[in-house]
Amino acid sequence: MALKTKTGALLLIAMCAHPIVAAAQDKPRLILQITIDQLRGDLPSRHKNQFGEGGFRYLMEEGIHYTNAHHTHANTETIVGHTSLATGANPAAHGMVGNLWYDRSNGRTVYNIEDPDYSILTIGADVDDETEIDPTQRAAKTDGRSPRAILTSTFGDELTVNTAGKAKVFGVSIKDRGAVAMAGHAGKAFWFSKSASQFVTSNYYYDAYPAWVDAWNAKALPLSYAGQSWELMNPTETYLFGNENAQGYKPDFAGFGSTFPHPLGSADSQYFTTLLTLSPFGDRITADFAKALIDAEGLGDDEITDFLAVSFSVTDYIGHFFGPSSLETEDNLLHLDRTLADLFAYVDAEVGLENTLIVLSSDHGAPEAPGYLKSIGMPGGYVTPDTWDTAPAVTRIKERFGISGELFVGYDHPYLNLTDAVRNDLDIDRVALETAISDELVAFEGVAFAVPSSRLREGSLPDNALMRSVLNNYHPDRSGDIYLVFQPEWFINDMDGLSVTVTHGSPWRYDTYVPIMFAGHGVVPQRVARRVHAVDVAMTLSAAAETRPPSGAAGEVLLEVLGQ
């Protein structure tokens with residue numbers, strides 16, 4: 001029946017004049033969530049003029065670019081950020097308080113997604129302790145991986161619930177935790193095994209590999225890069241950091257070198273796949289696997305919304321070794337831009353960008369390399385706890401509280417953990433003890449403040465942004481006893497014996513700062529400078545797909561994405 005009132009006529013005219021608003025009310029056929037590991041929020045804008053067409057500039061110019069987006073938790077590490085993006089929750093709810101935490105029931109430090117009940121399907125695909133540069137993965141006591149440690153639902157889970165299991169939900173990454181967190185409990189996850197030089201999964205997800213995965217692995221794409229070097233994409237003079245000389249603070253890891261070109265070595269080198277993932281080629285093989293998945297699984301082929309999360313890990317590895325203000329990071333972003341453009345073009349051909357809602361963000365930002373900061377007259381440095389003379393402080397505390405045995409069981413960033421004997425001693429005032437330890441810690445070089453968990457439990461801390469972020473990170477069963485925060489641009493750079501240039505993991509703005517960009521289905525281009533949060537992403541996807549919010553979600557819907 002036609003609308004005949006004046007108001008109805010105006011409404012009809014408005015709908016015809018702005019068809020994209022009406023179209024935005026339809027659900028996308030595919031939601032593509034891109035996570036760029038360690039992509040600080042300013043980096044896309046810094047290098048925008050160097051990007052080509054169809055990649056970052058497509059998102060920034062034809063999408064919505066939120067330029068003031070931040071994570072709301074304090075421990076800005078990989079699993080924490082990925083899970084917050086996936087769940088819309090803070091670690092206080094989703095439970096992933098760090099890449100590692102001390103499990104008191106088992107009496108040891110655990111890796112976030114390790115699970116002895118679910119083994120990798122490929123024999124010999126476990127982490128190689130001799131060559132793995134990620135010390136957190138080496139902490140795992142099993143090759144098993146699953147999402148069971150995530151305590152709340154993810155967007156992908158809710159999409160599965162909403163569609164009676166008909167939605168196809170996948171996560172892909174070089175890093176296992178990047179894939180597992182984004183796939184959630186109900187999806188399927190694939191990650192790259194450096195030991196096997198293949199994408200793998202565990203029997204949490206499959207009893208056997210799909211034929212298309214076997215076919216992709218059989219073509220041995222990673223080995224095609226053997227003997228190659230990572231070289232600059234463009235002439236040196238075109239780069240912002242093109243004039244930098246070899247910096248003494250850049251490591252030469254396994255013959256990779258501290259200046260261009262960076263050789264990958266031969267296929268039989270024990271570090272070949274490690275160096276592959278320390279170059280733009282690592283993201284290329286990730287995107288190639290994702291394209292094979294889209295085709296084989298028929299993502300976006302029908303009216304039921306599907307979900308694919310792709311986490312690109314290389315930016316993080318390069319950032320750790322060379323820093324965000326380096327020629328390596330700059331050139332890698334140009335390569336990544338081309339990788340994204342190729343992936344988006346493929347999605348356009350297979351599904352249609354008009355039928356696909358794309359969102360890009362990051363799990364965390366990054367500080368600058370102290371060496372770079374010093375070269376421009378700014379402060380920064382490395383924290384070296386091994387050089388601290390803690391004996392006098394420990395002696396004072398033990399004498400004050402009548403402690404005869406060991407005081408600490410260890411430090412798993414960002415938490416210092418007391419021994420069970422100390423924690424279970426009813427004669428010790430835990431609040432007073434943790435406060436006394438915190439007061440002693442702030443006297444050491446590089447420490448900004450220390451937060452007793454007992455004070456978090458009783459709510460007796462100042463109400464400011466930093467303390468709220470520490471509280472958002474607190475889970476009573478997994479957080480340690482004292483949260484340690486280093487001064488801005490100060491951090492521990494010793495990764496279990498490997499010295500790196502940059503380490504993230506703080507509550508300071510450079511670590512919480514990430515981009516959020518939406519493009520594609522029903523999105524009206526605009527640039528938004530108001531403060532938004534990474535936990536808003538899952539809520540916004542839930543609204544776009546018309547699902548329940550994830551169970552622990554703390555964010556808000558970004559109304560611009562819905563055309564409102």
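User: How many salt bridges does the structure hold?
Analyst: The structure holds 28 salt bridges. A salt bridge here is a side-chain nitrogen of Lys or Arg within 4 Å of a carboxyl oxygen of Asp or Glu. Keep in mind that this is a predicted model, where local features need pLDDT of at least 70, side-chain atom pairs count only at pLDDT 80 or more, and totals for chains, interfaces and linings use all residues. Residues are numbered from 1 along each chain as its sequence is written, and side-chain values use heavy atoms, with hydrogens and water left out.

User: OK, take Arg104. What does Arg104 form a salt bridge with?
Analyst: Arg104 pairs with Asp481, and the closest N and O atoms are 3.0 Å apart.

User: Where do Arg104 and Asp481 lie?
Analyst: Arg104 is in the loop between β3 (100-103) and β4, and Asp481 is in the loop between α20 (465-472) and β16 (482-486), so the pair ties together parts that are 377 residues apart in sequence. For the labels, helices (H or I, at least four residues) and strands (E, at least two) are DSSP runs, numbered from the N terminus.

User: Is Asp481 buried or exposed?
Analyst: Asp481 is buried, with a relative accessible area of 1%. Arg104 is partly exposed at 23%. The cut-offs are under 20% relative accessible area for buried, over 50% for exposed, and partly exposed in between (1.4 Å probe, protein chains only).

User: Which residues are linked with Arg104 and Asp481 in a network of salt bridges?
Analyst: Asp420, Arg423, Arg430 and Glu434 are linked with Arg104 and Asp481 in that network.

User: And Glu61 with Arg57, how are they placed in helix α4?
Analyst: They sit four residues apart in helix α4 (residues 56-62), which means they are separated by about one helical turn.

User: What about Asp463, which side chain does it meet in a salt bridge?
Analyst: That's Arg468, at 2.7 Å from N to O. Asp463 counts as exposed at 66% relative accessibility, while Arg468 is partly exposed at 41%.

User: Switching to rings. How many aromatic pairs are there?
Analyst: The structure holds 22 aromatic pairs. One of them is Tyr118 with Tyr204, an edge-to-face pair at 5.1 Å centre to centre with 85° between the planes. Rings of Phe, Tyr and Trp (its six-membered ring) pair if their centres lie within 6.5 Å; planes under 30 degrees apart count as stacked, over 60 as edge-to-face and the rest as tilted.

User: Where do Tyr118 and Tyr204 lie?
Analyst: Tyr118 is in the loop between β4 (108-111) and α7 (135-138), and Tyr204 is in the loop between β7 (198-200) and α10 (211-218), so the pair ties together parts that are 86 residues apart in sequence. Tyr118 counts as partly exposed at 24% relative accessibility, and Tyr204 counts as partly exposed at 22%.

User: And Phe199 with Phe289, what is the angle between the planes?
Analyst: It's 20°, so with the under 30 degrees cut-off this one is stacked, and the rings are 4.3 Å centre to centre. Phe199 lies in strand β7 and Phe289 in helix α12 (residues 281-297), so the pair ties together parts that are 90 residues apart in sequence. Phe199 is buried at 0% relative accessibility, and Phe289 is buried at 0% as well.

User: Which residues form one aromatic cluster with Phe199 and Phe289?
Analyst: Phe190, Phe192, Tyr206, Trp212 and Trp216 form the cluster with Phe199 and Phe289.
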